[in-house]
Amino acid sequence: MAEDLRKTEQQAEQEIGLNLTPMIDVVFQLLIFFILAGKFRVPEGRLDAHLPEGGPTKGQIDKIEDIRITLRNLTGNNKDDPDVLVELGEDDYRGVRILEKGDNTLVTLQKKLGNPEKQGVVIVAEGEIRFHWIMKALNASARAGFEKISFAAPIETAVKPGSKPIAPLDR
Amino acid sequence: MPIRPRDVGAKAEMNMTPMIDIVFQILIFFILVSDLQTKDFAQLALPMADQAKPDVDPPKGRMTINVKEDGQIILRSVNITLDALGKRLKAEAEVYRDRDKEKSDKPILIRADRDVEYSVVQDIMKTCVDSMVWKLSFAAAKPQGPDRDGE
């Protein structure tokens with residue numbers, strides 16, 4: 001009788017504990033999964049542009065009131081070395097530096113525009129050009145403060161009839 | 001009579017509570033920072049643009065078109081042809097079409113790899129024009145650092 005009472009007392013003194021081991025196992029599995037599967041996203045932004053409402057037409061590029069940025073692949077093999085030509089009416093400038101940060105060509109041209117709200121930039125490019133050059137032109141236009149940035153039809157059809165041929169870039 | 005110590009049967013246990021706390025904190029951190037919404041966003045090397053606006057509040061219903069370096073078009077993690085994209089665009093653009101106008105207000109985000117040929121993007125843009133979609137944005141990576149414009 002006394003022995004039974006002592007056993008009961010000893011059992012009562014033992015703590016009633018939750019077995020945490022399976023939970024810790026699962027939590028560690030989840031942790032390892034998220035460490036391995038998780039990818040940190042690079043901060044992304046966006047540049048807005050408008051497409052021509054009437055579709056790609058030759059008429060759109062004939063408008064002389066817009067600044068035209070033309071990107072062409074003149075070197076043949078190297079698709080990552082385009083010729084950049086910026087035109088506004090009779091003025092034209094050439095060189096990839098125009099698209100770089102710190103160049104004021106586009107800002108200067110924007111000041112020459114009569115109606116900056118309606119006039120803007122038209123980007124014309126050959127299909128072979130790497131996309132990041134198009135984004136450079138878009139970025140440079142946005143940096144210069146243009147709000148109206150649009151894209152012209154593929155250069156094969158969009159090039160202005162009678163326009164002067166583009167000579168290889170002299171840098 | 002020998003005196004038996006009272007705690008002779010008690011097990012020596014490690015206190016797991018702080019460790020579990022920390023492990024849960026780490027787990028919650030990884031769950032929150034790991035991007036689970038990447039269905040729309042393929043792994044691409046985006047072009048850099050310092051003028052890119054933060055894409056914090058994307059327009060509702062915006063379609064994201066991914067273009068890989070080899071020219072593959074990916075929509076919601078699935079490879080898609082230009083024709084199929086055109087059909088999809090036309091169908092979805094209808095919902096956003098203005099009553100009085102022909103063109104649609106459906107927003108489109110093009111996420112193209114920096115080294116893809118422009119002709120691929122041009123074809124997508126032409127498909128957008130054919131579907132009367134004109135509201136277009138291009139995804140760009142924001143350069144890290146104060147004095148860089150990327151590339």
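Student: Which residue stands opposite Pro54(B) in strand 1 of chain B?
Tutor: First, this is a predicted model: local features need pLDDT of at least 70, side-chain atom pairs count only at pLDDT 80 or more, and totals for chains, interfaces and linings use all residues. Residues are numbered from 1 along each chain as its sequence is written, while chains are lettered from A and ligands numbered from 1 in the order in which they are written. Helices (H or I, at least four residues) and strands (E, at least two) are DSSP runs, numbered from the N terminus. Two strands pair if DSSP finds at least two bridges between them. Here, Gly45(A) stands opposite Pro54(B). Strand 1 (residues 44-50) of chain A and strand 1 of chain B pair in the antiparallel sense, over two bridges.

Student: How many residues does each chain bring to the contact?
Tutor: Residues are in contact if their C-beta atoms, placed from the backbone, lie within 7 Å. Chain A gives 45 residues and chain B gives 47. On the side of chain B that touches chain A, 28 are nonpolar, six polar and 13 charged. Ala, Val, Leu, Ile, Met, Phe, Trp, Tyr, Cys and Pro count as nonpolar, Asp, Glu, Lys and Arg as charged, and the others, Gly among them, as polar.

Student: At what angle do helix 2 of chain A and helix 1 of chain B pack?
Tutor: Axes are lines fitted to C-alpha atoms, for helices over the stretch in contact, and angles run from 0 to 180 degrees between N-to-C directions. These two helices pack at about 35°, with their axes 9 Å apart. Their contact has 14 nonpolar, no polar and no charged residues.

Methods: Two residues are in contact if their C-beta atoms, placed from the backbone, lie within 7 Å.
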